[in-house]
Amino acid sequence: MSRGQFPSTRMRRNRMQSFSRRLMAETNLTVDDLIWPMFVVEGQAIDEPIASMPGQYRHSIDRLVAKAGEAVGLSIPAIAIFPALDSSMKDADGTGALDGNNLICRAVRAVKDAYPDLGIICDVALDPFTDHGHDGVIRDGMVANDETIDILCQQAVLQADAGCDIIAPSDMMDGRVGAIRTALDHAGHQNVIIMSYAAKYASAFYGPFREAVKAGVSLGSTGKSSYQMDPANSDEAMHEIGLDLQEGADMVIIKPGMPYLDVLNRAKTEFGVPCIAYQVSGEYAMILAAAENGWIDQDRSMMESMAAFKRAGADAVITYFAPQIATILHSK
Ligand SMILES: NCc1[nH]cc(CCC(=O)O)c1CC(=O)O
Ligand SMILES: [Mg+2]
């Protein structure tokens with residue numbers, strides 16, 4: 001529509017000044033939306049760089065506690081801790097997961113001791129502990145669903161005993177959320193939250209993470225496709241999310257992030273539950289690699305990716321950029 005030579009609607013009017021752009025912003029990112037993933041290794045005073053994730057490190061527990069302090073200083077609500085074990089600590093059945101004094105449990109205790117109010121999230125899955133890098137135990141050439149669940153239940157209880165606030169099953173076994181909920185309840189952990197990796201795809205974007213936790217070099221040609229989802233599907237993701245919610249999940253993760261915004265949007269619209277996007281290691285690596293080449297602006301592309309998550313319906317985002325984003329948000 002136009003009146004003579006003039007457009008009757010000028011969309012640009014609202015965009016002309018900063019104050020009106022602020023007034024009409026449909027979504028707003030705050031530090032309350034951020035979860036900061038961190039990696040922990042054995043040792044003392046170690047910050048070991050991860051080659052495929054520039055700016056990310058494997059920290060010894062003392063250094064991890066310092067990083068947790070940074071998170072608190074930046075008002076980031078929660079961190080996710082992932083253990084990176086030496087191959088000598090791994091075996092076929094991932095038995096290291098069942099030691100209540102293992103690296104991840106000690107790390108959780110140390111962080112909880114120092115910062116009791118900081119939320120701590122721990123994965124439940126066997127991949128950091130198995131020498132083959134699969135998320136469960138292998139029987140007859142397949143990751144065995146039900147036997148794996150028994151182990152995951154014990155792993156979840158040990159991590160909750162250590163002080164973990166949120167248990168995040170990332171293994172994609174069928175029925176594990178219900179079993180873990182029951183195991184946690186029986187162990188007196190009724191108030192430990194389950195944030196399930198409900199829609200988790202068999203993705204190439206996890207590559208740098210597997211380097212970070214020193215896992216997945218011998219996954220085999222089909223990788224994790226017998227338990228993680230086919231990137232072709234989104235109805236199946238709704239089915240997965242529905243099941244996890246029925247089994248007692250309190251929050252659901254959609255993962256990876258940027259390539260799966262449609263799935264995130266459907267999840268939020270169809271279920272109306274807390275939906276967490278995971279901007280995974282490969283997404284972080286892509287932005288950094290381009291930025292380091294001077295091909296894109298790191299801060300702007302990072303903040304734009306966050307706007308995309310919020311627009312799609314994310315209630316929070318797990319992102320390796322969390323401290324940089326929080327710093328920018330605080331400086332506004
Ligand atoms: N099950 C473990 C797990 N938990 C989080 C990630 C990936 C996170 C990232 O890439 O940043 C993975 C890798 C995988 O499933 O192979
Ligand atoms: Mg499932």
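I began with Ser75, which I found in the loop between α2 and β6 (78-83). I take helices (H or I, at least four residues) and strands (E, at least two) as DSSP runs, numbered from the N terminus. The model is predicted, so I note that local features need pLDDT of at least 70 and side-chain atom pairs count only at pLDDT 80 or more, while totals for chains, interfaces and linings use all residues. Residues are numbered from 1 along each chain as its sequence is written, and chains are lettered from A and ligands numbered from 1 in the order in which they are written.

**Entry 1**

I looked up the phi of Ser75 and got a value near 65°, positive in a residue other than glycine. Ser75 has 13 other C-beta atoms within 10 Å and is therefore partly exposed. For burial I use C-beta atoms placed from the backbone: 20 or more others within 10 Å is buried, 12 or fewer is exposed, and in between is partly exposed.

Ala45 is not a glycine, but its phi is positive too, at about 55°. I located Ala45 in the loop between β3 (34-41) and β4 (47-49). Is Ala45 buried or exposed? Ala45 counts as exposed, because it has 8 C-beta neighbours inside 10 Å.

I then checked the peptide bond between Lys255 and Pro256, which is cis with omega at about -5°. Pro256 sits in the loop that runs between β12 (251-255) and α8 (261-271).

**Entry 2**

Two packed helices are described by the angle between their axes and the distance between the axes.

For helix α2 (residues 61-73) against helix α3 (residues 103-114), I noted a packing angle of about 40° and axes 9 Å apart. That angle makes α2 oblique to α3. The classes are roughly parallel under 35 degrees, roughly antiparallel over 145, roughly perpendicular from 65 to 115, and oblique for the rest. The α2 and α3 crossing is right-handed. By convention, a crossing is right-handed if the near helix is turned clockwise from the far one by less than a right angle, and left-handed if anticlockwise.

I listed the contact: α2 gives Ile61, Leu64, Val65, Ala68 and Gly69, and α3 gives Arg106, Ala107, Ala110, Val111 and Ala114. Contact here has C-beta atoms, placed from the backbone, within 7 Å. By class, I recorded eight nonpolar residues, one polar and one charged in the contact of α2 with α3. Ala, Val, Leu, Ile, Met, Phe, Trp, Tyr, Cys and Pro count as nonpolar, Asp, Glu, Lys and Arg as charged, and the others, Gly among them, as polar.

I looked at Ile61 of helix α2 separately. Ile61 is buried, because 21 C-beta neighbours lie inside 10 Å. Leaving aside neighbours within four places in sequence, I find Ile61 in contact with Val40, Arg106, Ala107 and Ala110. Between Ile61 and Leu29 there are 30 Å, C-alpha to C-alpha, at a sequence separation of 32 residues.

**Entry 3: α7 and α8**

At what angle do the axes of α7 and α8 cross? The axis of helix α7 (residues 235-247) crosses that of α8 at roughly 45°, and the two come within 10 Å. The pair is therefore oblique, and α7 passes α8 in a right-handed crossing. On the α7 side I listed Ala237, Met238, Ile241 and Leu245, which meet Val263, Arg266, Ala267, Glu270 and Phe271 of α8. The contact of α7 with α8 holds seven nonpolar, no polar and two charged residues.

**Entry 4: α9 and α10**

Helix α9 (residues 281-292) packs with helix α10 (residues 298-312) at about 155°, with axes 9 Å apart. I therefore log α9 and α10 as roughly antiparallel. The crossing of α9 past α10 is right-handed. Ile287, Leu288 and Ala291 of α9 make the contact with Gln298, Ser301 and Met302 of α10.

Asp299 belongs to helix α10. Its 14 other C-beta atoms within 10 Å make Asp299 partly exposed. From Asp299 to Leu288 I read 9.9 Å, C-alpha to C-alpha, over eleven residues in sequence.

**Entry 5: ligand 1**

Which residues are closest to ligand 1? They are Ser170, Tyr206, Phe209, Val280 and Ser281, out of twelve that surround ligand 1. By class, the shell around ligand 1 has four nonpolar, three polar and five charged residues.

Terms used. Axes are lines fitted to C-alpha atoms, for helices over the stretch in contact, and angles run from 0 to 180 degrees between N-to-C directions. Two residues are in contact if their C-beta atoms, placed from the backbone, lie within 7 Å. A residue is near a molecule or strand if its C-beta atom, placed from the backbone, lies within 6 Å of it.
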